[in-house]
Amino acid sequence: MSQANPKILIADDDPLARLFVKNALEPAGMVVLEATGGKDALAKFEAIGPDLVILDIMMPDMDGYLTCSRIRSLPRGKRVPILVLTGLDDAQSIGQAYQHGATDFITKPVNATILCHHVRYMLRTNNVLHALIRSESRLELAQRIARIGNWDWNPKTNRFAMSNELCRLVGVRPQDFAGTFEAFLALVHADDRSMVTGALQKLVGQHTPCDIDHRIVLPNGTDFVIHLQAEGVREEETDEITVIGTAQDITERKQAERAIHQLAYYDSLTGLANRVLFKDRLSNALSYASRHHQHLATLFIDLDRFKIINDTLGHAAGDQLLVMIAERLRGALRVGDVHGGGGNAVARFGGDEFVVLLADARTPEHALRVARQLLALFAEPYQLAGQAVHSSVSIGIAMGEPDGRSAEDLLRDADIAMYEAKRAGRATAVFFDPCMHQRLKRDLAVEIALRQAIERHEFSLVYQPVIDLETGDVTAVEALLRWTHPELGEVQPTEFVPLAEETSLIVPIGEWVLRQACQHFVHWCHTLGDRAPPVLSVNMSRVQMLQADRLVAHVMAVLAETGMPANRLQLEITERELTKDPLSARALMHRLRTLGLRLALDDFGTGGSTLTCLRDHPFDLVKIDRSLLHGIADNPDVLAVVHATVTLIENLGMASVAEGVEDAAHIGILQSIGCRYAQGFLFALPMSAQAVAEMPAMAPTPVLPPPMLQAYPVSHRLS
């Protein structure tokens, strides 16, 4: 029952009949409400909402048939049980009662006990029916929310029934569905039908639960994916198997899974495989190559000068360039199934790094041929922001041997080789060599040791003099850094200085050098007096120049702390560093000049804008790189270039110093073309601060006859 005391409405024009019903039902806990006729019954029905209605057929104002019909037309009257009391027991009257909506009937005279049990049964049945309806309604709602439907199939009779929600999902009206397995199979995508048939046949034959995903084709031709689950139930009465199943629309889940897979394994910008997916494919290819004793190759590709393009044209243009790179790689390489050992794979590792797997590279020659094709391909210009842009690449190649090396090992080797290609001048391809790895390990050991070198007092300074070729006097000493490690031994500056610059350790190291050199110089001035070198020259690093404020502040602090005369301190800047950012470099040069310092241009002749450097920067002295002097005694063209260079420097009011002089024959030549100062092993090896203090005055160097000028045509001489 719906409640502890169900309400019963009795409609009868006979008061004794109403009293009879009241006495029969109230002892059973029911509340009996009375209506004197059909109209009164309708009014009280709407007012009280009874759980059950008892109607007499024969009533004067409105008979029971019409009253029953009117109750059924009311919103609350569709499901209320209605019991008809009739003295008419003919089939026609009973049928008419059912036609007007009666739930059941009972003929007069009525037994009180039978009436009570009849009413109780009707109430119980109605409650069960309502619960079932509510359950089905909620189930249907839940299925609609979950986009899931249920079905059952009798393999013996081939009857296939689908729930309303499943019919809605597959786009079929329940009344239009033929109700057979073939009718359901016709809704399945043609490519998936064999899978569905096989899974359900296996369920029936081997009692294996069905759990598959397949596509359904809607009437408009579009398809979606459903997750089909089913199990077999054996009917006790017939001992037959009935297949009970569900079908859920998982299209959104599949789309989400594909999106997650795309994000997890593919680069969002280029659509290429990312690092994770590439490593998996490379591991598979290595396994295949190892089993079949074959080789493969990995090419690590890095764009040259990408940062310049990105900074100049903007990040959008940079992204567009990366997309173009990816398209060229796809077009140039046959990308396929690496599991079969014949396909290639291309990935973007992030930034401007791309990696290629050549699964069919049987020999190093094959890999090199592909690398050269890619170098030529990337050398072609790109149209970016309305202009043609060139961007070459550097490629590192590592061969995969059938030796059990991992994907990580191969990628590491290719990466190392790529950096060697960068060092070799870019726009080239370099094979990995084991010595590269050893050098990298050495670099790592040097870097670790370098971080502790200052605290452990492992650095020292040596000084090389600059000589006046006319007088033989020492006009300056250049401070040179040396490093002695307790385990690594003497580490050459060519090895640790570039590493210090890469890690920015050159900043604290350079600050130590300046302070230590100034302390030495002030000590020489105190102990040697006029015999002390006139000028102390200290090198500046590119990284120090990038931190201009820190550099200027440190120079001022060292001058104040040590008492170093500013006009006797000379800072050397290489020409190559000036050409990277001329405006910032010029601003820094003028700031240093305002402190009273001397400035020297080092390694002149190795940069890309030598005349601009001389014109735009306030240098006191220019040091001509030793590479420019090579062949000066043998080649008239070399002599002409050096002569012109010295003349240009002197005409701009600067002094010229020839670096790396090791041949006595060069002295006379340098003197005759106007180069007054020189530096090199011919005069002195780099020496300690103590050795500088003990250095004797150098004898004047005689002017040697210049044989090259004697033989050099007058028309070509520069004066």
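Which residues point one way from β22, and which the other way? I started the notebook with this strand. The model is predicted; local features need pLDDT of at least 70, side-chain atom pairs count only at pLDDT 80 or more, and totals for chains, interfaces and linings use all residues. Residues are numbered from 1 along each chain as its sequence is written, and side-chain values use heavy atoms, with hydrogens and water left out.

**Entry 1: strand β22**

I found Leu569, Leu571 and Ile573 pointing one way from β22 and Gln570, Glu572 and Thr574 the other way, all of them buried. Buried here means under 20% relative accessible area, exposed over 50%, and partly exposed in between (1.4 Å probe, protein chains only). In a regular strand the side chains alternate between the two faces of the sheet. Six of the six residues of β22 (residues 569–574) are buried, so the strand is largely enclosed by the rest of the structure. Helices (H or I, at least four residues) and strands (E, at least two) are DSSP runs, numbered from the N terminus.

I then looked up the partners of β22. Strand β21 (residues 536–539) pairs with β22 in the parallel sense over four bridges, and Val538 has Leu571 as its bridge partner in β22. Strand β23 (residues 598–604) also pairs with β22 in the parallel sense, over five bridges; there Glu572 stands opposite Ala600. Two strands count as paired if DSSP finds at least two bridges between them.

**Entry 2: the nonpolar cores**

I took a nonpolar core as a set of buried Ala, Val, Leu, Ile, Met, Phe, Trp, Tyr and Cys residues joined through side-chain atoms within 4.5 Å. The largest has 85 residues, of which Tyr463, Trp524, Leu536, Leu569 and Leu571 touch the most other members. Helix α17 (residues 506–528) gives the most to this core, with 11 residues. Apart from it lies another core, of 33 residues, including Leu272, Val370, Phe378 and Leu384.

I listed the contacts (heavy atoms within 4.5 Å) of Leu536. Leaving aside neighbours within four places in sequence, Leu536 touches Tyr463, Val477, Ala479, Ala517, Cys518, Phe521, Met564, Arg568, Leu569 and Gln570.

**Entry 3: strand β18**

How many of the 10 residues of β18 are buried? I counted nine in this strand (residues 459–468), which is mostly covered. Nine antiparallel bridges join β18 to strand β19 (residues 474–485), and Leu461 stands opposite Leu481 in β19. The hairpin of β18 and β19 has five residues between the strands, and Gly472 takes a positive phi near 80° in it. β18 is also joined to strand β26 (residues 677–678), antiparallel, by two bridges; Ala678 in β26 is the bridge partner of Ile467.

**Entry 4: a second hairpin**

I looked next at strands β8 (residues 210–217) and β9 (residues 223–234), which run antiparallel and are joined by eight bridges. Ile216 has Phe224 in β9 as its bridge partner. β8 and β9 form a hairpin with five residues between them, and Gly221 in the turn has a positive phi of about 95°.

In α11 (residues 306–313) I found Phe306, Ile309 and Asn310 buried. They cover an arc of only 100° around the axis, which puts them on the same side of α11; the arc is that of the directions from the helix axis to the C-beta atoms. Lys307 and Thr312, on the other side of α11, are exposed. The cover over the buried residues of α11 includes β11 (296–303), α12 (315–332), β14 (382–384) and β15 (387–389). Just after α11, Gly314 takes a positive phi of about 105°.

For α12 I checked the length. At 1.5 Å a residue, its 18 residues should span 26 Å, and the end C-alpha atoms are 26 Å apart, which agrees. The expected span is 1.5 Å times one less than the number of residues. Buried residues in α12 include Ala317, Leu321, Ile325 and Arg328.

**Entry 5: Ala427**

Ala427 is found in the loop between α14 (407–423) and β17 (429–431). At 43% relative accessibility, Ala427 counts as partly exposed. I found Val393 34 residues from Ala427 in sequence and 5.0 Å away in space, C-alpha to C-alpha.

**Entry 6: confidence**

pLDDT is the predictor's confidence in each residue, from 0 to 100. The chain has a mean pLDDT of 87, with 93% of its residues at 70 or more. Over residues 698–719 pLDDT stays under 50, and the model has 44 contacts beyond four places in sequence for them.
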